[in-house]
Each structure stands twice: as C-alpha cells, then as structure tokens.
Amino acid sequence: MWCTNLVCCELLTKAMEEDLPTEFDLIVIGTGLTESIIAAAASRIGKTVLHLDTNDYYGGYWASFNLEAFRKYLNTSATQISTAVEAINNNFLPLQAQPTLVRNVQEQWYNFPEMGDVDGWNREKIEQEFRKFNIDLVPKLLYARGSMVELLISSNICRYAEFRALDRVATVWDGRITTVPCSRSDVFTNKEVNVVEKRLLMKFLQSCVTYEEDSEAKEELDGKTFLEHLQSHKLTPNLTHYVLCAIAMGNARTPCREGIAAVKKFLMSLGHYGNSPFLFPVYGCGEIPQCFCRLCAVFGGIYCLNKAVEGIHFEQCSEGLKYESVKCGKQNITSKGLVVGQGYMSRAVFSKSTPAEGAAQKLCGNLARAVILTNVPLGGASQNPGGGGVAIMKLPPANNHQEGATILQMSHPSGTCPKAIYLIHVTTLAVTDNPEEDLKPYVAQILSKDYLPAPEITNENASENTESESVKRENTSSTILYEAYFNIPSCLACAENANLSLPVGVRLVCGPYHELDYDQSIEQAKTVFHEIFPDEEFLPRAPDPEEIIIGEEEPVPDQGDSLQDSNEPVDNASECRELESESTDAQEAKEDVVDKAEECTEQK
C-alpha cells in the first residue's frame with residue numbers, strides 16, 4: 001500500500017501528543033473515494049489540506065482487507081452497540097467514533113468437519129492464506145473510456161496503481177453459464193450464435209455506435225424501454241438477453257436512450273487495453289482511494305489515520321449555524337472549508353429538511369453484498385482460460401426485484417486471492433434487512449452449497465485388446481467454501497431523501513453508489529470542489545517524479561565566473577587530470593580482467 005509514502009498518522013504515531021497546525025484551507029474527514037478526490041484536487045492547486053480518519057485504514061466503505069482483517073471488521077460491525085443520535089449542544093456536534101461499519105452481518109463456512117476437504121481446501125488452510133486475499137467492500141470495474149480512467153490519466157495519478165484488463169463477460173442463459181461475445185472477433189468465433197444471429201447482432205451494435213442524440217432520435221425513443229427497442233430490431237431471445245444484461249448491464253425497465261448509451265459506452269471502450277472494455281485494479285479497488293491520498297500527500301497534505309475526531313464547533317450567524325472549527329484531540333483546528341464523509345454526522349446537523357420534489361435522485365448505498373470463496377471458477381476451468389483472471393456476470397432481476405445482481409469473479413492473477421481458489425462478489429440493491437435472502441435467488445443460479453466431485457467416465461475402445469480408460473470429467477460446479485453477507489447503508493443525506501440545509505461551510509459527500517464504474521462519485525467530487533474553490537482548475541496534471549524539484553533550483557554559474565563560493569579560483573585543469581586518471585585506472589582494470597579471462601579459456 002502507500003502508507004510508507006504518505007505524511008500520515010503512521011509517520012506521526014510517535015508524535016500523537018504533538019500539535020498539528022491550527023489552520024488549514026480545507027479539512028476533510030473520512031478517506032472514502034469522494035473525500036480523497038476532493039483532498040487531492042485541493043492539495044494539487046496549492047491549498048493546505050488536513051485529511052483525518054478515525055479508522056486505522058484508508059477507504060472507509062471503499063476499502064480492501066485481507067481475509068483476517070475482513071472477518072475482524074465484520075465481527076466489529078456485528079457486535080456494534082447502537083448509540084443514541086447525537087444532538088448539537090452549545091454549538092458543538094459530536095461525531096460518530098465508528099462511522100463506516102456494515103450492517104446485518106451473516107457469515108458461514110462450509111461444513112468441513114463432517115463433509116471433509118474440498119479439492120484439498122479446508123478452513124485451516126484457507127485461514128493460513130489470509131495475507132493473499134484483498135477483499136473489497138464495494139468492488140467495481142473501470143470502463144476503458146470511462147470517467148475514472150480519464151481522470152487517472154489526465155491527473156497523472158495512474159502511475160500509482162497497476163491495472164489488468166477484464167478476462168471475460170458471462171451470463172446465465174437457458175440454465176447454464178455461458179460467455180458473451182462482445183467484440184467483432186468474439187461474435188464470429190462464438191459457437192453459441194448462428195450465422196444469421198451474428199449478422200443481426202453486428203448490425204444492431206453498429207447502429208448503437210453511430211447513434212447520435214438529436215431531437216428526432218429523442219422523439220423516437222422517448223417513452224420506450226430498451227427491451228422494446230431490441231425486440232423491434234427482430235433480435236432473437238438469446239441475443240436480446242446478451243445485449244440487455246451483459247452489454248448494456250440493464251434490465252426490462254431500462255429506458256431506451258439509457259440502454260443505447262450504455263451499449264455505446266461498452267463498445268467504445270473495447271480495444272483500448274486488450275480485447276475487453278473494462279479494467280480492474282490489481283490488489284483490489286481499495287487501491288483507488290489510496291492513489292488520490294498519495295497525490296494529496298505529495299503536494300503537502302497531512303494525513304492522520306486512527307485519529308480521534310471528537311466533533312465540530314459551530315457559531316451563530318445571520319443564516320443560522322456556521323462552521324467554526326474541528327475538535328481533534330486537545331486541539332481546535334480551523335479551516336475555510338469542511339468536507340465530511342459518510343457516517344460521521346447525525347441528523348442533528350440538518351437545519352432544514354423539506355420533501356424532495358421532481359424526479360427521484362439516485363441514492364447512494366442501500367447495497368446487499370455477498371463475499372464468497374469457491375473451489376471452481378464460474379462455468380468450469382474450460383470457460384476460464386489462464387486461471388480465470390477477472391470476470392463479470394450480470395443477472396436479470398429475480399423475485400420481483402427492481403434491479404438484478406452484478407457478479408464479479410476474481411482469481412489469483414488479479415492479486416486478490418490465492419491460487420486454486422476463487423473470490424466471488426455479488427451486489428444488488430437491498431430489498432429487506434436480510435442480505436442473504438435478497439441475494440439467494442442469484443447465488444443459487446451459479447453456486448452450490450454441496451461438494452459434487454467430478455465423475456469419472458469409462459472410455460472403452462473398440463479393440464478388445466485395449467483396456468478401458470478412466471477419464472475425469474471437468475468439474476463445473478462451484479462449491480461455496482466460505483460466504484459472508486452484509487448491507488452497506490445509504491449516507492445520511494440520501495437516507496433522508498429530502499432537500500437538506502447544512503450549516504454554512506459544511507459539505508457532506510455520499511458513499512458508494514449502485515453503479516459499475518465511479519461516474520457519480522467523480523461528478524459529486526467535482527461539484528463539491530468547485531463550490532469550495534469556484535475559480536480553480538479541478539485536478540490538473542501532476543508532474544512526474546523526475547520533473548519535481550525539491551527546494552530551490554541551484555543556479556548555474558556563468559562561464560566567465562572563475563571563483564567558487566569560497567572566492568578561490570577553480571582549478572579546472574587539476575579536475576580534468578583527476579578524471580582522466582580515474583578513467584585510465586578503470587580502463588587498465590578492465591584490460592586485466594579480459595586478460596585473465598583469456599588465460600582461463602586457454603588453460604581449459
């Protein structure tokens with residue numbers, strides 16, 4: 001990770017009693033993605049930034065953990081005692097001590113003691129490999145032409161992380177897992193699609209790429225679902241399923257224009273980084289917030305993890321309450337602006353709350369999540385060449401759910417799990433307070449709780465003299481070795497779902513959204529940044545390390561200047577003689593080595 005490179009709490013552990021500076025341009029509480037982007041953007045333009053987090057890790061709900069830390073985090077979340085909502089007292093609002101815990105935690109292991117090992121795996125062996133896991137709380141992918149990739153490149157933050165291309169897009173069709181043809185080459189080499197279907201699919205995909213948003217197109221597509229649009233193009237049921245679920249990542253309710261835009265984004269991202277439209281950060285998505293934190297620290301941001309932040313001081317003004325300072329330990333630290341991440345503040349901070357009007361805004365959080373370990377990749381090893389890599393599967397809504405489920409499969413090459421074991425992430429919008437029940441209809445389509453060893457096939461040749469051979473059939477059934485379910489809540493503002501008024505100088509940011517990429521989080525970060533610094537550029541390109549000059553650049557002396565700082569004449573002749581002597585000695589040593597090598601060769 002990047003802790004060794006950050007001016008962070010780890011570097012200040014011995015100085016926890018020491019005082020921080022008492023005034024900053026911006027204080028950011030929480031190291032989630034949106035907060036980290038804002039902090040990096042402010043630090044990049046020369047603003048003084050203090051970035052605080054009460055957790056001892058980066059990322060908040062965007063973090064990644066090894067298996068041991070992940071289970072400890074779940075246990076802490078499960079045993080959390082609900083506290084009363086803090087109110088503003090004497091113009092002081094206490095902050096939550098544990099702001100980013102998940103809810104409704106459920107955890108279960110395969111019954112190894114009674115059923116035995118599964119392909120050589122048991123609980124003890126899996127737990128011994130805990131350091132090789134990087135488990136994301138909210139896993140995501142990056143479109144090659146998406147806003148996150150563009151931001152990482154334009155700001156030059158991409159050098160802080162390593163990425164790999166997605167290996168496979170899959171879906172469930174006719175009761176079995178199958179690979180979806182995405183590119184032109186995939187379409188024409190796919191055996192699941194006949195020649196007529198290949199032509200229909202290519203023609204439709206081409207129409208999506210050339211689609212332009214004009215008034216005539218809007219009138220034609222308004223009030224129409226994307227499913228109806230697909231059916232109007234006479235696509236067969238399997239092609240309709242491929243495009244709707246696996247390429248557009250939509251469902252039967254997806255508006256037509258939104259579906260076409262999603263297909264176009266998918267196709268425009270193909271071919272930039274391999275034969276895939278997606279990228280995944282090696283070692284997990286928790287690397288992304290840390291990239292922005294590192295940039296902030298490089299340009300002077302101060303980081304304090306595991307730092308007690310007691311609360312926020314306000315003062316009265318004509319508009320009500322106004323932000324004054326943050327109480328951090330024994331200090332009251334002031335700043336011109338304050339950004340607070342998800343989970344830290346209570347509803348008491350809202351001075352006004354009126355019902356929202358107009359179109360419903362997309363809310364953050366409210367996610368049902370599953371983290372599952374299996375022994376076999378989805379569909380079997382034959383559908384996952386090269387060890388599996390990273391794969392995505394989108395399942396349509398089940399049991400009258402509004403949204404389907406997004407499934408991400410990770411294998412050892414992704415840097416998130418050991419060899420011969422597979423990490424499965426399942427995500428959907430929560431319907432109830434029981435995440436296992438919400439996700440059960442999707443998990444049941446692709447995974448099994450029972451271990452079904454691959455049967456042996458007896459292959460008898462026609463010749464009587466040839467003995468029968470036992471051939472082991474490929475095991476395509478993925479057995480659940482470990483499973484954990486939990487909910488990620490909505491942030492305070494989204495949970496209210498209303499027009500809220502905050503004290504002057506305070507800005508709240510959301511947690512993870514139910515989206516495949518990071519578009520909404522980046523858009524919110526830009527909005528908040530321009531509210532605080534309206535005339536500044538958002539995240540201009542950072543120079544490469546070799547372009548950074550520490551301190552003042554030493555002046556180059558004029559050629560006519562014959563004196564050093566000590567007012568002594570420069571003996572250029574003696575310097576040249578010394579260099580020439582050193583060069584001669586080196587050449588003689590090199591010749592001696594060559595002579596000895598030739599002598600050894602002659603002796604042999």
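Modeller: Rings of Phe, Tyr and Trp (its six-membered ring) pair if their centres lie within 6.5 Å; planes under 30 degrees apart count as stacked, over 60 as edge-to-face and the rest as tilted. By that rule, ring pairs link Tyr57, Phe65 and Tyr73 into a cluster. This is a predicted model, where local features need pLDDT of at least 70 and side-chain atom pairs count only at pLDDT 80 or more, while totals for chains, interfaces and linings use all residues. Residues are numbered from 1 along each chain as its sequence is written, and side-chain values use heavy atoms, with hydrogens and water left out.

Colleague: Thanks! Why is the pair of Tyr57 and Phe65 called edge-to-face?

Modeller: The search of the whole structure finds 13 aromatic pairs. In the pair of Tyr57 and Phe65, the ring centres are 4.9 Å apart and the planes stand at 75°, so it is edge-to-face.

Colleague: And what makes the pair of Phe529 and Phe533 tilted?

Modeller: The centres of Phe529 and Phe533 are 5.5 Å apart, and the angle between their planes is 55°.

Colleague: How do you know whether Tyr57 is buried or exposed?

Modeller: Buried means under 20% relative accessible area, exposed over 50%, and partly exposed in between (1.4 Å probe, protein chains only). Tyr57 has 15% relative accessibility, so it counts as buried. Phe65, at 7%, is buried too.

Colleague: What makes a charge sit over a ring, as for Lys125 and Trp121?

Modeller: The test asks for NZ of Lys or CZ of Arg within 6 Å of the ring centre and within 35 degrees of the ring normal. The charged end of Lys125 is 4.7 Å from the centre of the Trp121 ring and sits over it.

Colleague: Which residues touch the most other members of the largest nonpolar core?

Modeller: A nonpolar core is a set of buried Ala, Val, Leu, Ile, Met, Phe, Trp, Tyr and Cys residues joined through side-chain atoms within 4.5 Å. The largest has 114 residues, and Phe70, Ile126, Phe292 and Leu539 touch the most other members. Apart from it lies another core of 26 residues, including Phe24 and Leu508.

Colleague: Last one: how do you know that strand 7 and strand 11 pair?

Modeller: Pairing takes at least two DSSP bridges between two strands. Two bridges join strand 7 to strand 11 (residues 278-281), and these run antiparallel. Leu142 stands opposite Leu279 in strand 11.

Definitions and conventions:
Helices (H or I, at least four residues) and strands (E, at least two) are DSSP runs, numbered from the N terminus.
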